[in-house]
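User: I would like to learn how to read the features of a structure step by step. Could we look at one together?

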Amino acid sequence: MTLDLKVDGQSEDRAETYAQGILGTPEDRPDGHAKVSGAATYAADDLPEGCVFGMLVRAPGHGGVTVLNEDEVRGTAGVLAVIRDPRMIRNAAQGTANAAPVQGVDQADYIGQPVALVVAETAEAAQHAAQSLRLRTDGEAGPVNPDDVEAEGEPDTMGDLDAAMADAAHALDVVYTTPSMTSAPMEPHAAVAWWEGDRLTVRSALQMLKYNRNELADSLGIDPEHVRLLAPFVGGGFGSKLGISADAVAAAIAAQELGRPVRVVQHRRQVFETVTRRSETRQRIRLAADDRGRLTGIGHESLVSNLPDEAFSEPVSQATYFAYAGAHRVIGERLARLNRPASGSVRAPGEAVGVTTFECAMDELASEVGIDPVELRLRNIPDKDPHSGLPFSSHTLARSLNEGAARFGWADRPSSPRARREGEWWIGTGMAAAFRVNMMLEAEARITLTPDGAVVETDMTDIGTGTYAILTQIAGEALGLPVDRVDVRLGDTTYPPGSGSGGSFGAATTGNAVWLAAQEIRQAIAQRMNCAESDLTLKDGTAICGNTSRAVVELLDGASLEGHGHVTGGKAFQDVRQSTFGAHFAEVAVSDVTGEVRVRRMHGTFGAGRILNEKTARSQCHGGMTWGIGMALTENMVHDRRDGHIVNRDFAEYHMAVNADVPPLDVHFLDERDPWAGPLQAKGIGELGICGAGAAVINAIHHACGVRVRDLPATPDRVLAGLE
Amino acid sequence: MRPFDYIRAEDPAAARSAAAGSNAAFLSGGTNLLDLMKLEVMAPDTVVDISRLGLDAIEDDGDGLRIGATATNSDLAADMRVRKHWPVLSRALLAGASGQLRNKATTGGNLLQRTRCPYFYDTDTPCNKRTPGEGCSAIGGETRNHAILGTSDHCIALHPSDMAVALRALDTTVEVEAADGTSKSYEMDDFYRLPGDTPHRETVLEAGDLITGVRLPAPKGDRQIYRKVRDRASYAFALVSVAAVIRMENGRIAHAALAFGGLGTKPWRDPDFDTLLTGEAPSRALFDEAADVLLGRAVSHGGDDFKIPMARRVLRAVLEEATQ
Amino acid sequence: MKFSFTVNRRSRSLDLDPRVSLLDALRDHLGLTGTKKGCDHGQCGACTVLVNGRRINSCLSLAVAHEGDEVTTVEGLSNGTLSPLQAAFVEHDGFQCGFCTPGQLCSATGMLGEIEAGWPSHISASLDGEYELSQDELSERMSGNLCRCSCYPGINAAIRQAAETERDT
């Protein structure tokens, strides 16, 4: 049996009536012990008997690829194979692609494309052999700069923005740019593959196993039923592990050819090139406002890029459609097809860059109008989605702004820039609103209740997001079990297919599947108690109905109970606009000498429905806010203008925030339930923290020293250019 | 990594002779050598481990200090004599890399630290420093962190060290033992070569030459500052850095020795700059004039244009602080 | 090439290609996979271990160069039960994905020893004397360990708690 739910409308908040009291509480991660003791096994930690080592080889240029010394390399001591198989993939698959990406090794569409795999008896031999393989490419660089091509796509228009701009009391027309960025999870992409007959097992670093299995099978031309993927621990993903990556496909091919297990770990420099990047953007933002700052028109037009034949286009203005009122609109993206490494989803695709720049522009407008930036937002909150006309499922922007401002101490802020200085440092504060669409995919989960407790199984992943913790809490709450009697097993395609991790939908989607599985078990228990499920209380392993109280173990009578849940997002996600909201506040110091910026403190207030685990949710927000600091100040993946290759493809030159860049981060969650978001009434929290966080920093720079930086990141040279 | 013979030298003489072949490398901390060997940017056929030769002592030497080649950056930065009398050196060391790297990186190795030019690191792009005569990919490429002083038409690669910048300002000498056992000593300026048309030759060292240590003379100025500008708060190479050693007498600058990081193809010092300041009373005009001397010789490449105004501002701030 | 060293208080002898890094020796030849490879170039800190009590990047070190050394990895930080530092990481959520965590733990252990020894840091106002484990000192000293999940607040809270526990006992 399966308890199925298509979420078409509002759900009742049953959790509120449950007795265990562990849903939402800041429980420690059940996987914590393994992670702090070195026992958690990630993809490359497995070395099966007889395993050999593969190393990918990159294309050094564009066009047709020829290998000049294949026989020589193959003849080197320890080398087992030089594999150039047409099934190898050009770049990692896009999220939810469910099919192979572009394949082949004879044509390099971008510099860095994997075009060979060298396999050797040792990792050292494989690495040297890969470096020894000499390749020639015969093509000219195709277009590599966004301005060099005619971009595809037209924006959506409503009303007459040009007229609104002309008639506006205050009109702003500015261009912001953001550079290519990379997910850079600490765990490089890696796979260990082995075959047993025609059955393939791959341990890999992946976010969405249900889709990844199909992508891998399709790449190899085999039946997905013959593929098992394992990813119990994943060292971060942030979008880069949504789709199957080159290591997994190549490892599977090599393992088949050699009849031995093969491990392929991408070198960090390869990860920069072969997995999808966040597209660079150039965004023209136009704002038309009346004398009180009420928006009459919004323009948000962006130029983004991707490789030919990639379906993804960075949805920069995804949140702009519903963020603010304003009748006259031109909103949308144009896509330039470039021979740069592929772009795809990186933490909060769309909003991460789109909300950030838009919220910078809103800050500029507030200055123009002469009102407080918080007040400007409050004056422009729409009562329904201005683009679609749909009602909001819930709307917590005003609360976020007001509560966040109070907690941060925004009221003490001088109204003009350059009002506060400590030595050579200008001090200022800035804020931004946060928006992130809320989605639900499809997921299944199974719970087996035995006398020892509950075992939860789904192929869902925990990429650091806290899945192990929240699924433990969800199952424990519904089944009346303490956390130590719930055992969550993830990351194995032999389990029921979860949603996978991505787009902030994982917790609510798979969480609701687990919830439904638990409901099925509750019904069975209620039946054995001879009462209605709604009258059943489960707590600490005891079932209570009216005056009857029995240990669940007794009811099981030595056997087990199984529940299976299946959830799909339905009309509640089409007929109602669902979003999460928040407000960011930052205080920065800007050196008048060097242009260096230090963030001194940061606050975020967030509304995302029910918070399933306050501790892990907070950590997710810390992560998002820190990415905001990186986006604002340091992160910039540089393409060589001559051939598009990524110049700074290592951690010494691609600057993600280090410990010293991050000040104390204060996070506050609004107490909220969203009945449209499913039975748990919880929305996604994994990406909201990055949406707009960088804008709070950029706006604070302006408030500190009067410099508007519109080309991110605001590195010292760019700030200094304004100070000079 | 290309296969190599690993030799754990028992004494300096054995190390020198083991390395006298044409393509050997001394391994001390290894933090840069192994980094480059993994990418086969460097591919020695013999690696001579000198980390256990007892060359790590930090000893009083008259009124100066002798620092062994394999003294780690951490030990050197924490040495109480250095902290007290040559604080600019402690500061420069602490501004570099990370705690882990400083525990491994050594004095001699840091002097030989190679450029961070991304094209040097990328064996699929031409580089004259890596392969003489191949061409320079940085010229016409992405040049945000390249040198603006000392460059040539063949190479614009930046010297990335922090430590060496402080050592230059401290008039350090580098002590070397040649393969044949003879001792040599170099001023820092002579130790490093300009790229010219041989950017692959970065120092005067010949095959088998072993740096045994450096000698710091007595400090010539009590006002010592190391200031480094970088893209993030820690763990990043310098965009611009300044090491200043100043002595004031009767309101005038009696001794000025400034060296610069982030600007030059080697740890940079300009004698005209120091001369101009010496004997003068500090003023904004003087500092700007000195900056004109230094930066008037700069050639930037687009991406690194910002270094000129940035260096000017940092220089002014450092001089103001040091001459107060 | 043969060599012997001590890993987590146990003496080990290996015969390895001189190219094998200390990191790969631990992971692939001794099965101690707790130590992680994030970049293999000393740019992330995930591979941090303690050698003779000092924290280093094990990726930038040849295994054969460690003849006679004492190496401690994350697996050696506890004896069955979690150390106060490890427990504090769990309590303060000083990790999310957990991949950088072994390096953070070893680095923190080494760093606390450095503070104890009176080593200054880049942000220390003065070069003489004792240093307190302030937020700024801690952040600067732990900046050689990247955490892309960005758990720095939790990491720092955990280290401070463990240091205080240590001091009080």
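This is a predicted model: local features need pLDDT of at least 70, side-chain atom pairs count only at pLDDT 80 or more; totals for chains, interfaces and linings use all residues.

User: Where is A:Arg418 found, and what is its phi?

Analyst: A:Arg418 is found in the loop between α11 (397–408) and β17 (421–422) of chain A, where helices (H or I, at least four residues) and strands (E, at least two) are DSSP runs numbered from the N terminus. Its phi is positive, about 55°, although A:Arg418 is not a glycine.

User: What can be said in the same way about B:Glu40?

Analyst: B:Glu40 has a positive phi near 60° and is likewise a residue other than glycine. B:Glu40 lies in the loop between α2 (33–38) and β3 (46–49) of chain B, and it counts as partly exposed because 15 other C-beta atoms lie within 10 Å.

User: Which peptide bond is cis?

Analyst: The bond from A:Leu712 to A:Pro713 is cis, with omega near 0°, and A:Pro713 is found in the loop between α16 (693–705) and α17 (716–723) of chain A.

User: How many helices and strands does chain A have, and how compact is the chain?

Analyst: Chain A has 17 helices and 28 strands. The radius of gyration is taken over C-alpha atoms, and the globule rule is 2.2 Å times the number of residues to the power 0.38. For chain A the radius is 26 Å, close to the 27 Å that the rule gives for 724 residues, so chain A is as compact as a globular protein of that length. Its C-alpha trace spans about 80 × 75 × 50 Å along the principal axes, and 66% of its 724 residues count as buried.

User: Which domains does the assignment give for chain A?

Analyst: Domain bounds come from an automatic or database domain assignment. For chain A it gives domain 1 (3–40 + 441–569), domain 2 (43–142 + 183–274) and domain 3 (390–437 + 577–723). The centres of domain 2 and domain 3 of chain A, taken over C-alpha atoms, are separated by 36 Å.

User: How many residues are in contact between chain C and chain B?

Analyst: Two residues are in contact if their C-beta atoms, placed from the backbone, lie within 7 Å. By this rule, 30 residues of chain C are in contact with 27 residues of chain B. On the side of chain C that touches chain B, the elements giving two or more residues are β4 (54–57), α3 (101–116) and α4 (135–141) of chain C, and β4(C) gives the most, with four residues.

User: What classes of residue make up that side of chain C?

Analyst: Ala, Val, Leu, Ile, Met, Phe, Trp, Tyr, Cys and Pro count as nonpolar, Asp, Glu, Lys and Arg as charged, and the others, Gly among them, as polar. The side of chain C that touches chain B has eleven nonpolar, eleven polar and eight charged residues.

Key. Residues are numbered from 1 along each chain as its sequence is written. Chains are lettered from A and ligands numbered from 1 in the order in which they are written. A residue is buried if 20 or more other C-beta atoms lie within 10 Å of its own, exposed if 12 or fewer, and partly exposed in between; C-beta atoms are placed from the backbone.
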